[in-house]
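Work through the exercises below with the sequence and the model open. Each has a task and a stepwise solution.

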Amino acid sequence: MRRSARIAALLAACTALVPASAETVVVTAARMVDVVGGKEVDRPQVTITDGRITAVGHRGDAVPQGARTIDLGNRTLLPGLIDMHVHLTSDPTLSGYKSYEYTDSFWMVVGVVNAKKTLDAGFTTVRNVGSDHYDDVALKQGIEHGYIPGPRIVPATYILGATGGHADATEFPPSIETPHDNIANSPEEYRALVRKVHKYGAEVIKVAMTGGVLSKGDSVGAQQLSYDEIKAVVDEAHMLGMKVAVHAHGTDGINTALRAGVDTIEHASLADETSFKLAKEHGAWFDMDIYNDDYIRAEGAKNGVFAESLAKEAMIGLKQRQTFKAAHAAGVKMLFGTDGGVYPNGDNARQFAKMVEWGMTPIEAIQAATKSAAEALDKTQDVGAIAVGRYGDLIAVDGDPLQDVRLLEHPSFVMKGGEVVKGN
């Protein structure tokens with residue numbers, strides 16, 4: 001009897017680990033983009049239980065008893081999209097000195113609004129590569145605890161950089177002191193910064209390796225960290241299980257960072273044949289924001305962007321797109337990253353058409369924002385494809401995105417973790 005009582009207690013404990021009412025949702029559509037296989041599948045049927053995909057089959061397969069069904073009719077189903085380069089707590093209409101009219105906590109409010117816009121646009125996962133005051137960690141926590149809607153966030157917290165560099169506050173005179181929570185000037189100082197931001201929630205490290213377009217007083221292509229400094233960042237981050245994303249426009253900075261073993265090159269505007277070779281040798285990814293040049297040049301002056309920044313954008317925008325085409329042709333691994341926040345968050349999908357215009361096929365552009373992004377994040381067990389075991393993150397568009405990739409700009413259905421956030 002004692003043995004029977006122990007077995008009963010064990011069974012009760014195991015039962016307690018299983019949700020009392022595991023919700024199951026079955027989604028059907030006319031087509032599905034299989035991003036792993038690089039093809040379309042007709043009449044898909046996807047089963048999701050407690051937020052994870054448990055079956056991927058065809059319409060007419062057996063449906064679990066009590067499952068809720070969602071028929072998307074003639075629409076095309078895709079995995080939730082991934083943007084690898086956003087700044088959710090930025091508003092491009094408040095650029096330059098305009099941003100200093102607002103209190104520090106104002107930008108968290110901006111982030112809450114942009115998180116919802118981004119999710120509604122079909123981006124169920126983002127990598128937020130730079131925010132002040134650990135705001136991206138706070139957004140992540142608020143989303144995960146159900147306080148606000150938004151995508152899954154991989155936060156970088158502060159952009160790390162050198163004194164006077166792209167990540168520093170260079171728009172003030174010496175009489176105005178600015179905080180230096182993210183600035184270092186030696187390998188050991190960079191090691192300490194990596195440890196600090198990791199302590200407070202960073203899951204990826206972002207470093208400003210060269211000058212930038214929107215920073216004041218630096219050359220967009222000039223290298224700003226030495227090899228020893230970026231190698232210290234890479235070694236420390238990798239030891240802690242984090243990847244390193246490097247802001248780099250200039251050739252020397254790109255190649256130095258690749259030799260140091262960084263994981264992704266952001267922007268990569270002036271990459272050359274040596275860069276392509278190094279990226280392939282080291283398994284690094286290029287993450288190139290080739291849409292936002294249109295927005296910056298059209299709206300930048302009105303938004304307060306510095307005149308010198310507009311001049312830098314005019315110099316580098318076309319070259320970046322040409323580099324994108326050459327890198328893709330050379331076989332460099334490419335990601336989908338838009339720099340959302342430099343242009344309006346929520347318009348992320350406008351970049352797909354630019355990627356196709358500059359050399360990719362529609363399926364390659366879609367894979368950059370799904371399959372490839374999940375690989376670069378080391379999250380292929382969770383996101384990036386409609387596959388058993390991954391989160392029930394789905395979107396649907398009216399029509400066939402492999403024929404018209406711009407359909408992705410207007411998803412009619414968005415689901416995150418089995419919960420519908422937009423559409424029926």
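**Exercise 1: a loop residue and its backbone**

His-133 lies in the loop between strand 9 and helix 3. The model is predicted, so local features need pLDDT of at least 70, side-chain atom pairs count only at pLDDT 80 or more, and totals for chains, interfaces and linings use all residues. Residues are numbered from 1 along each chain as its sequence is written, and side-chain values use heavy atoms, with hydrogens and water left out.

Task: What is the phi of His-133, and is His-133 buried or partly exposed?

Solution. 
- Step 1. Helices (H or I, at least four residues) and strands (E, at least two) are DSSP runs, numbered from the N terminus.
- Step 2. The phi of His-133 is near 60 degrees, which is positive in a residue other than glycine.
- Step 3. Most residues other than glycine have a negative phi.
- Step 4. Buried means under 20% relative accessible area, exposed means over 50%, and partly exposed is in between (1.4 Å probe, protein chains only).
- Step 5. His-133 has a relative accessible area of 42%, so it is partly exposed.

**Exercise 2: helix 3**

Solution. 
- Step 1. The buried residues are Asp-135, Asp-136, Val-137, Leu-139, Lys-140, Gly-142 and Ile-143.
- Step 2. They pack against helix 2 (106–120), strand 9, strand 10 and strand 18 (413–416); contact means heavy atoms within 4.5 Å.
- Step 3. After helix 3 comes Gly-146, with a positive phi near 80 degrees.

**Exercise 3: aromatic pairs**

Task: How are the rings of Tyr-97 and Tyr-100 arranged, and how are those of Tyr-134 and Tyr-158 arranged?

Solution. 
- Step 1. Rings of Phe, Tyr and Trp (its six-membered ring) pair if their centres lie within 6.5 Å; planes under 30 degrees apart count as stacked, over 60 as edge-to-face and the rest as tilted.
- Step 2. The whole structure holds 12 aromatic pairs.
- Step 3. Tyr-97 and Tyr-100 have ring centres 6.4 Å apart and planes at 45 degrees, so this pair is tilted.
- Step 4. Tyr-97 is partly exposed at 43% relative accessible area, and Tyr-100 is partly exposed at 44%.
- Step 5. For Tyr-134 and Tyr-158 the centres are 5.2 Å apart and the planes stand at 85 degrees, so the pair is edge-to-face.
- Step 6. This pair links distant parts of the chain, 24 residues apart: Tyr-134 is in the loop between strand 9 (123–128) and helix 3, and Tyr-158 is in the loop between strand 10 and strand 11 (159–160).
- Step 7. Both Tyr-134 and Tyr-158 are buried.
- Step 8. Ring pairs also join Tyr-97, Tyr-100, Phe-172 and Phe-306 into a cluster.

**Exercise 4: the second largest pocket**

Task: Which residues lie nearest the centre of the second largest pocket, and which charges sit over the ring of Tyr-391?

Solution. 
- Step 1. On a 1 Å grid over the protein atoms alone, a pocket is an open set of points where a 1.4 Å probe fits, with protein on both sides within 12 Å along at least five of seven lines; lining residues have an atom within 4 Å of a point.
- Step 2. The second largest pocket has a volume of about 260 Å³, where volume is the space filled by probe spheres set on the points, and grid points are joined across faces, edges and corners.
- Step 3. Its lining has 14 residues, and Lys-140, Glu-144, Arg-152, Ile-153 and Tyr-391 lie nearest the centre.
- Step 4. Helix 3 (135–144) and strand 10 (152–155) are the elements that give two or more residues to this lining.
- Step 5. The lining divides into 6 nonpolar, 1 polar and 7 charged residues. Here Ala, Val, Leu, Ile, Met, Phe, Trp, Tyr, Cys and Pro count as nonpolar, Asp, Glu, Lys and Arg as charged, and the others, Gly among them, as polar.
- Step 6. A charge sits over a ring if NZ of Lys or CZ of Arg is within 6 Å of the ring centre and within 35 degrees of the ring normal.
- Step 7. The charged end of Arg-152 sits 3.6 Å from the ring centre of Tyr-391, and Arg-52 lies over the face of Tyr-391 at 3.9 Å from the ring centre.
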